[in-house]
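Hello,

Here is the structure I promised to pass on to you. Have a look at it first, and then read my notes below.

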Amino acid sequence: MMRSPLPASQPLNQPQAGASLWRAGRNSLLGNQRAQETGDIVTVVIEIDDRAEISNSSSRSRNGSENLSVPSLLGIPQRLGGLLPEGETFDEAASVNSSSSSSGDGSVSRNEKLTLRIAATVVDVLQNGVLSIQGSQEVRVNFELRELLVTGYARPADISRQNEITYDKMAAARISYGGRGQISDVQQPRIGQQITDILLPF
């Protein structure tokens, strides 16, 4: 005995998306949380630990000597010899000696270490999918202001699952970290001293 099909007014039971434990999309538990669109936020990790040492040494020495004598030139030296003071002669008309030497030493020693984290925003997406990232951060402590600026380009594939990217994976990365305030102002030479340093040649 065959059963009659269900009436059209009774739809088949279908799973509801709102009741499911697993959802699709970026906001789901296993969704892709990495920045990939304009307006998304990505964390830039800046860990710089550079050390460089350069040493140069150079030296140069040169000696030269030139002598010119005209003991006999159509009898002219002998005729003019009487006009010279006693003991003087034209036997050695000219004598030139020169000596020069120079030496130089130079060395450069640099050690830089910087660890920072900043949240940047995707301001543009290029045609090939590369993200243009830009971020800024300001921290004020009393009368001292610290400012951090980061710009560059990054591939979405280089962004980790934690939505982080290191600065060394960013192209055309520009990192500026500085500050202004009372402490920074005291560490700078006065305007008069700066002008003197420019004008004086020594």
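**What I found**

Three helices and six strands make up the protein chain; here helices (H or I, at least four residues) and strands (E, at least two) are DSSP runs, numbered from the N terminus. Starting at the N terminus, the order of elements is β-α-β-β-β-β-β-α-α.

Before going further, please note that this is a predicted model, in which local features need pLDDT of at least 70, side-chain atom pairs count only at pLDDT 80 or more, and totals for chains, interfaces and linings use all residues. Residues are numbered from 1 along each chain as its sequence is written, and side-chain values use heavy atoms, with hydrogens and water left out.

Of the 202 residues in the protein chain, 15% are buried, where buried means under 20% relative accessible area, exposed over 50%, and partly exposed in between (1.4 Å probe, protein chains only).

Next, the hairpin. Strand S3 (residues 131–141) pairs with strand S4 (residues 144–154) in the antiparallel sense, over eleven bridges; two strands pair if DSSP finds at least two bridges between them. Gln137 has Leu148 in S4 as its bridge partner. Two residues lie between S3 and S4 in this hairpin, and Asn142 in the turn has a positive phi of about 55 degrees.

Finally, helix H3 (residues 191–199) is where you will find Ile195. Is Ile195 buried or partly exposed? Ile195 is partly exposed, at a relative accessible area of 45%.
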